[in-house]
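Biologist: Please put the model on screen. I have some questions about how the chain is laid out.

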Amino acid sequence: MEAIRFGAEEKAVLVGKLQRYFSEELKQPIGRFDAEFLLDFVSEELGAYYYNRGVADAQAVLAAKAEDLADAVWQLQRPTEFSR
């Protein structure tokens, strides 16, 4: 799997969220550099778990849609002496 990379704008938003969380919830200031370092760590060490959960969710949606399509195709069948 390729490493998770964020563009400059996305990274700035995520860093801001980390800084806000540290300030509001932990009552600890965190500088931009440290927040970027933490974001990189979380992305590298935890990102694959979130990514894999998203893939599993997508697989479940696709499986449900495939089942719906199979049912729809089955309903297109015309009655014959073999389908009774």
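The questions and answers below go from the whole chain to single residues.

Modeller: This is a predicted model, where local features need pLDDT of at least 70, side-chain atom pairs count only at pLDDT 80 or more, and totals for chains, interfaces and linings use all residues. Residues are numbered from 1 along each chain as its sequence is written, and side-chain values use heavy atoms, with hydrogens and water left out.

Biologist: How many helices and strands does the chain have?

Modeller: Helices (H or I, at least four residues) and strands (E, at least two) are DSSP runs, numbered from the N terminus. On that basis the chain comes to two helices and zero strands.

Biologist: What is the radius of gyration of the chain?

Modeller: The radius is taken over C-alpha atoms, and the globule rule is 2.2 Å times the number of residues to the power 0.38. The C-alpha atoms fill a box of roughly 75 × 30 × 20 Å along the principal axes. A compact globule of 84 residues would be near 12 Å, but this chain has 23 Å.

Biologist: What percentage of the residues count as buried?

Modeller: Buried means under 20% relative accessible area, exposed over 50%, and partly exposed in between (1.4 Å probe, protein chains only). The chain exposes about 7700 Å², with carbon and sulfur atoms supplying 57% of it. Areas come from the Shrake-Rupley method with a 1.4 Å probe; for residues, only the protein chains shown count as cover. Of the 84 residues, the buried share is 8%.

Biologist: Are helix 1 and helix 2 roughly parallel or roughly perpendicular?

Modeller: Axes are lines fitted to C-alpha atoms, for helices over the stretch in contact, and angles run from 0 to 180 degrees between N-to-C directions. The axes of helix 1 (residues 8–25) and helix 2 (residues 32–75) come within 9 Å and cross at roughly 105°. Angles under 35 degrees count as roughly parallel, over 145 as roughly antiparallel, 65 to 115 as roughly perpendicular and the rest as oblique. So helix 1 is, relative to helix 2, roughly perpendicular.

Biologist: How many residues of the contact of helix 1 with helix 2 are nonpolar?

Modeller: Contact means heavy atoms within 4.5 Å. Helix 1 brings Lys11, Leu14, Val15, Leu18, Gln19 and Phe22, which meet Arg32, Ala35, Glu36, Leu38, Leu39 and Asp40 of helix 2. Ala, Val, Leu, Ile, Met, Phe, Trp, Tyr, Cys and Pro count as nonpolar, Asp, Glu, Lys and Arg as charged, and the others, Gly among them, as polar. The contact has four charged residues, one polar and, as nonpolar, seven.

Biologist: What is phi of Lys27?

Modeller: Lys27 sits in the loop between helix 1 and helix 2. Lys27 is exposed, at 62% relative accessible area. Most residues other than glycine have a negative phi. Lys27 has a positive value, near 55°.

Biologist: Which residues does Ser43 touch, beyond four places in sequence?

Modeller: Ser43 lies in helix 2. Its relative accessible area is 15%, so Ser43 is buried. Leaving out residues up to four places away in sequence, Ser43 touches Ile4, Phe6 and Ala48.

Biologist: How far apart in space are Tyr51 and Ile4, C-alpha to C-alpha?

Modeller: Tyr51 is in helix 2. At 46% relative accessibility, Tyr51 is partly exposed. Tyr51 and Ile4 are 47 residues apart in sequence; C-alpha to C-alpha, the separation in space is 9.2 Å.

Biologist: What separates the C-alpha atoms of Val73 and Gly7?

Modeller: Val73 is in helix 2. Val73 counts as exposed, at 52% relative accessibility. Val73 and Gly7 are 66 residues apart along the chain, and their C-alpha atoms are separated by 43 Å.
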